[in-house]
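Subject: Structure handover

Hello,

Here is the structure for your files. My notes on what was found in it follow below.

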Number of protein chains: 2
Amino acid sequence: MRIGVLGTGMVGRTLSAKFAELGHETRIGTRDVAAAMASTEVTRDGTGTLAQWQENNPEVPVATFADAAAHGEVVLNATSGVASLDALRMAGEGNLEGKVLIDVSNPLDFSRGFPPTLSVCNTDSVAERIQEAFPAARVVKTLNTVGAPVMVAPSAVAGGEHTMFVAGNDQEAKSLVTDTFLRGGFGWKHVMDLGDIKSARGMEMYLPLWLSLMQVGGSPLFNIAVLT
Amino acid sequence: MRIGVLGTGMVGRTLSAKFAELGHETRIGTRDVAAAMASTEVTRDGTGTLAQWQENNPEVPVATFADAAAHGEVVLNATSGVASLDALRMAGEGNLEGKVLIDVSNPLDFSRGFPPTLSVCNTDSVAERIQEAFPAARVVKTLNTVGAPVMVAPSAVAGGEHTMFVAGNDQEAKSLVTDTFLRGGFGWKHVMDLGDIKSARGMEMYLPLWLSLMQVGGSPLFNIAVLT
């Protein structure tokens with residue numbers, strides 16, 4: 001399948017490398033390719049600058065948001081939640097039309113330091129805003145409740161016996177994301193459908209607890225299991 | 001130990017009955033005893049009106065907020081988070097001074113229907129507001145992340161292999177609550193200290209996800225386990 005990943009941070013890199021490994025033709029999008037490739041900024045996952053990452057992942061071309069979105073049969077938003085609407089506008093409404101749009105973003109606002117606050121919550125969510133702004137896209141919220149390494153390797157935590165959530169208005173889109181990527185590609189054993197896109201609120205508002213748990217445990221290699 | 005429980009809803013009833021069963025001298029407080037005892041309102045747990053509950057739980061006298069708080073060596077806030085500051089003011093600052101104040105409330109605002117929103121979140125929490133308003137109380141946030149039946153019987157879910165959180169500024173208070181009540185009295189096997197009272201934010205903001213999970217599963221008999 002052709003996949004366009006938007007965002008070249010840790011999450012975008014991790015997911016696009018995994019998609020490529022799974023045989024999907026993947027492009028990773030950024031605002032300004034020349035600027036991003038010249039950037040000396042490094043991610044915390046040890047993959048270095050974007051230029052270094054590109055050298056080690058030549059099968060995933062760095063492209064513009066618009067090129068990546070146009071390329072993708074499925075588009076994945078891995079930009080920061082505070083910038084996602086802008087990034088998606090640059091990707092272009094026409095390039096999202098009718099497509100499954102996986103939203104893994106979190107609206108973390110670090111402008112007042114750590115812990116960050118959420119730039120949208122309680123009465124709204126990033127996923128809802130995206131769905132509202134791009135009504136022809138089939139938005140599926142998922143993966144935002146775990147760190148990047150856990151997203152693509154759930155078996156690294158507790159033998160995979162923990163829970164991933166999906167939310168969205170389009171049942172077929174949720175099924176495709178769940179079957180092809182979450183269960184099929186990444187190996188998630190337990191995927192819970194929380195309902196329509198409004199349920200993304202709870203998934204995004206879980207982030208402050210996630211950040212506490214990461215601080216206490218000192219590692220992003222954890223997740224929650226919903227047990228009865 | 002003498003315990004004053006504030007709030008005669010499902011949570012207050014469940015916890016005070018359990019405290020009494022454990023041998024603690026417990027009183028349950030309400031705004032207006034005569035009005036509450038005359039009320040025909042019933043809780044969803046099948047314990048009927050407060051008068052009926054009192055008849056079946058004579059070892060837990062219904063008292064005013066102030067009487068219950070004055071009685072308690074430990075005070076537990078089981079009022080709705082949207083009304084907790086008012087209830088605690090009626091309980092009286094002097095009756096809370098130096099005492100461990102367990103806050104199990106959630107700021108759920110149902111005024112716009114279901115799902116409720118939170119009346120405070122993101123940059124603040126009920127627990128922080130309580131600690132700020134009553135600086136001489138030793139506030140410990142806990143138990144708000146599970147339904148009332150799970151609070152006092154964690155073994156009813158997944159053999160007790162799931163997680164309870166505590167947050168608060170007073171380490172001794174957190175230890176007392178954890179050892180005497182959570183582990184000792186109720187049987188919680190896994191209690192995580194998330195840090196100071198600010199960590200209550202994440203615990204309260206988890207509620208929208210909890211509500212989704214309850215809707216999907218159709219029962220409050222569940223919890224999350226934090227796994228690595």
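**Strand pairing, helix packing and the chain contact**

In strand 5 of chain A, Val100(A) is the residue that stands opposite Val74(A). Please keep in mind that this is a predicted model.

The pair belongs to a parallel arrangement: strand 4 (residues 74-77) and strand 5 (residues 100-103) of chain A are joined over four bridges. Both strands sit in an open sheet of eight strands in chain A, with the order 3-2-1-4-5-8-9-10. The pairing across that sheet is mixed. Its edges are strand 3 (62-64) and strand 10 of chain A, each of which pairs on one side only. From one strand to the next, the twist averages 30 degrees.

Helix 8 (residues 171-186) of chain A lies across part of this sheet, namely strand 5, strand 8 (138-142), strand 9 (163-167) and strand 10 of chain A. Relative to strand 8 of chain A, helix 8 runs at about 45 degrees.

Next, a helix pair. Helix 5 (residues 84-91) and helix 6 (residues 126-133) of chain A pack with their axes 10 Å apart, at an angle of about 30 degrees. Angles under 35 degrees count as roughly parallel, and helix 5 and helix 6 of chain A are therefore roughly parallel to each other. The crossing of helix 5 past helix 6 in chain A is right-handed. On the helix 5 side of chain A, the residues that meet helix 6 are Ser84(A), Leu85(A) and Leu88(A). Helix 6 of chain A brings Val126(A), Arg129(A), Ile130(A) and Ala133(A). By class, this contact of helix 5 with helix 6 in chain A has five nonpolar residues, one polar and one charged.

Last, the two chains. In chain A, 32 residues are in contact with 32 residues of chain B. The elements of chain A that each supply at least two residues to the side touching chain B are strand 7 (117-118), strand 10 (190-195), helix 9 (200-205), helix 10 (207-217) and strand 11 (223-227). Helix 10 of chain A gives the largest share of that side, seven residues. By class, the residues on the side of chain A that touches chain B are 20 nonpolar, 11 polar and one charged.

Strands also pair between the chains. Strand 11 of chain A and strand 11 (residues 223-227) of chain B pair in the antiparallel sense over five bridges. Opposite Val226(A) stands Ile224(B), in strand 11 of chain B.

Regards

Definitions and conventions: Residues numbered from 1 in each chain as written. Chains lettered and ligands numbered in written order. Predicted model: local features only at pLDDT ≥ 70, side-chain atom pairs only at ≥ 80, totals over all residues. Axes fitted to C-alpha atoms, helices over the stretch in contact; angles between N-to-C directions. Parallel < 35°, antiparallel > 145°, perpendicular 65-115°, else oblique. Left-handed = near helix turned anticlockwise from the far one by under 90°. Contact = placed C-beta atoms within 7 Å. Nonpolar A, V, L, I, M, F, W, Y, C, P; charged D, E, K, R; others polar. Pairing = 2+ DSSP bridges.
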